[in-house]
Amino acid sequence: MYKLITAPASLPITRANAKAYAKITHTAEDTLIDSMIAAAVNIVQDYSMHQLVNATWELQLDAWPENGLIELGKGIVSSVISIK
């Protein structure tokens, strides 16, 4: 089971970029736009099984896999902190 330890510092798209693309110039929908960006990122990450922006995750297994291989389903891994 994966547990998020450190969330990404930013999202892969900014509110400013999203508003420019949608040609929105007012601020009345900023909170909605932020939540839509976050939801879209979560959907893409869940579907693709890839983390889009660096984050720290913990993976806990009940037992060591019989084949000896641990598959990390978050995409490209930049580092492994520990294996216990």
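## Chatting through a predicted model

Me: Hi! Which residues form the nonpolar patch on the surface?
Reply: Hello! In this predicted model, the patch is made of Tyr2, Leu61, Trp64, Ile70, Leu72, Val77, Val80 and Ile83. Together they have about 750 Å² of accessible area.

Me: Where does Trp64 sit in the chain?
Reply: You'll find Trp64 in the segment after β2.

Me: And is Trp64 buried or exposed?
Reply: Trp64 is exposed, because its relative accessible area is 54% and the cut-off for exposed is over 50%.

Me: Okay, zooming out. What secondary structure does the chain have?
Reply: There are two helices and two strands. Starting from the N terminus, the order is β-α-α-β.

Me: What box do the C-alpha atoms fill?
Reply: Roughly 55 × 20 × 20 Å, taken along the principal axes.

Me: How much of the chain is buried?
Reply: Buried residues account for 12% of the 84 residues. As for the accessible surface, the chain has about 7100 Å², and 59% of that belongs to carbon and sulfur atoms.

Me: Switching topic: where is Gln51?
Reply: Gln51 is in the loop between α2 (30-48) and β2 (56-59).

Me: Buried or exposed, that Gln51?
Reply: Gln51 counts as buried, because its relative accessible area is 19% and buried means under 20%.

Me: Which residues does Gln51 touch?
Reply: Leaving out residues up to four places away in sequence, Gln51 touches Pro8, Gln45, Trp57 and Lys74. With Trp57 there is a polar contact of 2.9 Å between the two side chains. A polar atom of the Gln51 side chain also lies 3.0 Å from the backbone oxygen of Val53.

Me: Why does Lys23 count as exposed?
Reply: Because its relative accessibility is 71%, and the cut-off is over 50%.

Me: What about phi at Met49?
Reply: Met49 has a positive phi of about 60° and is not a glycine. Its place is in the loop between α2 and β2.

Definitions and conventions. Residues are numbered from 1 along each chain as its sequence is written. This is a predicted model: local features need pLDDT of at least 70, side-chain atom pairs count only at pLDDT 80 or more; totals for chains, interfaces and linings use all residues. Side-chain values use heavy atoms; hydrogens and water are left out. Helices (H or I, at least four residues) and strands (E, at least two) are DSSP runs, numbered from the N terminus. Buried means under 20% relative accessible area, exposed over 50%, partly exposed in between (1.4 Å probe, protein chains only). A polar contact is a pair of N or O atoms within 3.5 Å; within protein, one must be able to donate a hydrogen and the other to accept it, and residues adjacent in sequence count only if both atoms are side-chain atoms. Contact means heavy atoms within 4.5 Å. Patches are made of residues with over 30% relative accessible area and no salt bridge: like charges are joined within 9 Å, nonpolar side chains (Val, Leu, Ile, Met, Phe, Trp, Tyr) within 5 Å. Accessible areas come from the Shrake-Rupley method with a 1.4 Å probe; for residues, only the protein chains shown count as cover. A salt bridge is a side-chain nitrogen of Lys or Arg within 4 Å of a carboxyl oxygen of Asp or Glu.
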